[in-house]
Amino acid sequence: MSRKKTVKGKSSTSSPTTASTNSQGEGKAGKSSTGSEVQSNGVVHPSRPSLSNSSEFYDIAFKVMLVGDSGVGKTCLLVRFKDGAFLAGSFISTVGIDFRNKVLNIDGMKVKLQIWDTAGQERFRSVTHAYYRDAHALLLLYDVTNKTSFDNIQAWLTEIHEYAQQNVVLMLLGNKADATQERVVKREEGERLAKEFGVPFMETSAKSSLNVELAFTAVAKELKHRSMKEPNEPKFKLQDYVNKEMKSTGCCRS
Ligand SMILES: Nc1nc2c(ncn2[C@@H]2O[C@H](COP(=O)(O)OP(=O)(O)OP(=O)(O)O)[C@@H](O)[C@H]2O)c(=O)[nH]1
Ligand SMILES: [Mg+2]
């Protein structure tokens with residue numbers, strides 16, 4: 001596998017609470033004024049119907065962070081979700097941190113996800129640590145064709161406990177589920193690990209798009225339910241929702 005390096009996001013140790021966005025809803029860490037109100041729980045409610053910089057109105061916004069070893073497919077997962085495309089060919093390892101915005105319609109509400117794509121390489125850890133505390137949700141990825149990336153999940157969870165908010169929404173994703181020939185981590189092993197740590201789990205594929213939309217939608221639903229706190233609404237259960245909605249390729253349904 002060839003490895004090229006490119007500067008896609010600006011390395012920064014400042015908090016991502018503020019960020020600048022271009023017309024495609026992509027951005028880098030930085031400072032900007034949005035006119036939105038940030039609640040004590042960190043949820044961004046626009047003070048009026050809001051036009052995000054990606055030219056889409058939204059009612060509520062959350063920060064989601066992609067974490068996991070280098071090469072597990074974080075950038076590809078985000079590109080698949082945002083653009084519906086797969087980055088095949090040579091692997092371009094992320095440098096620092098980068099984000100893309102996407103507005104989802106969740107039960108009649110426009111939910112904006114600001115999705116932070118972090119570099120998995122060890123040398124960028126100090127950069128990404130600074131961003132954990134502002135994340136409302138974390139998608140923790142391993143690669144089903146790479147045992148080391150699976151074995152490292154425990155270390156990632158330790159890091160998350162150290163740097164992220166206590167109530168952060170967390171989901172474990174076993175990516176590259178399409179790669180049946182190269183698979184070395186069974187779905188059952190992923191499920192077992194997730195159960196052990198009490199986190200929702202599913203397998204995904206940025207290549208085939210298996211469960212990509214579902215992963216982000218499930219997180220957006222959980223965040224929206226938490227922030228709305230409708231008194232008579234039944235509690236949203238992320239894993240139950242995922243199990244119900246999961247698409248099957250024969251390999252990945254529980
Ligand atoms: N077969 C298969 N390959 C994938 C999938 N997702 C990513 N890849 C490949 O895996 C390699 C790494 O993908 P990236 O998305 O760049 O990995 P990353 O996690 O962002 O890596 P860092 O930026 O270094 O942290 C690339 O060559 C992708 O083409 C997938 O779902 N299936
Ligand atoms: Mg990347």
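Two residues are taken to be in contact when their C-beta atoms, placed from the backbone, lie within 7 Å of each other. The views below are drawn from a predicted model.

**View 1. Helix α5 and the elements it packs against.** The buried residues of α5 are G190, L193 and A194. Seen down the helix axis, these residues fall within an arc of 100°, so they line one face of α5. They pack against α4 (153-163), β13 and β14. The other side of α5 carries the exposed residues E188, R192, K195 and E196. Just after the helix, G198 has a positive phi of about 65°.

**View 2. The loops that hold K176 and N211.** K176 sits between β13 (169-175) and α5 (187-197), and its phi is near 70°. N211 sits between β14 (201-203) and α6 (212-228), and its phi is near 60°. Both values are positive in a residue other than glycine. Most residues other than glycine have a negative phi. N211 counts as buried because it has 26 C-beta neighbours inside 10 Å. The cut-off for a buried residue is 20 or more other C-beta atoms within 10 Å.

**View 3. L78 in helix α1.** L78 belongs to α1, which covers residues 74-83. It is buried, because 25 other C-beta atoms lie within 10 Å. Which residues does L78 contact, leaving aside its neighbours within four places in sequence? They are L66, R100, I115 and D117. Y163 is 85 residues from L78 along the chain, and the C-alpha atoms of the two are separated by 22 Å.

**View 4. The shell around ligand 1.** Ligand 1 is surrounded by 22 residues, of which the closest are S70, G73, T75, T94 and G120. By type, the shell divides into ten polar, eight nonpolar and four charged residues. Helix α1 and strand β9 (91-93) each supply at least two residues of this shell. The largest share, three residues, comes from α1.

**View 5. The largest nonpolar core and V219.** This core has 56 residues. The members that touch the most other members are V64, L138, L139 and V219. Apart from its neighbours within four places in sequence, V219 is in contact with V64, A137, L139, V169 and M171. In soluble globular proteins, nonpolar side chains tend to be buried together.

View 6. The chain has 254 residues, and 41% of them count as buried. It contains seven helices and 14 strands. Of the contacts with a separation of 6 or more, 70% join residues 24 or more positions apart. The model scores pTM 0.83 and ipTM 0.99. Mean pLDDT over the chain is 82, with 74% of the residues at 70 or more.

How values were computed. Residues are numbered from 1 along each chain as its sequence is written. Chains are lettered from A and ligands numbered from 1 in the order in which they are written. This is a predicted model: local features need pLDDT of at least 70, side-chain atom pairs count only at pLDDT 80 or more; totals for chains, interfaces and linings use all residues. Helices (H or I, at least four residues) and strands (E, at least two) are DSSP runs, numbered from the N terminus. A residue is buried if 20 or more other C-beta atoms lie within 10 Å of its own, exposed if 12 or fewer, and partly exposed in between; C-beta atoms are placed from the backbone. A residue is near a molecule or strand if its C-beta atom, placed from the backbone, lies within 6 Å of it. Ala, Val, Leu, Ile, Met, Phe, Trp, Tyr, Cys and Pro count as nonpolar, Asp, Glu, Lys and Arg as charged, and the others, Gly among them, as polar. A nonpolar core is a set of buried Ala, Val, Leu, Ile, Met, Phe, Trp, Tyr and Cys residues joined through C-beta atoms within 7 Å. pLDDT is the predictor's confidence in each residue, from 0 to 100. The arc is that of the directions from the helix axis to the C-beta atoms.
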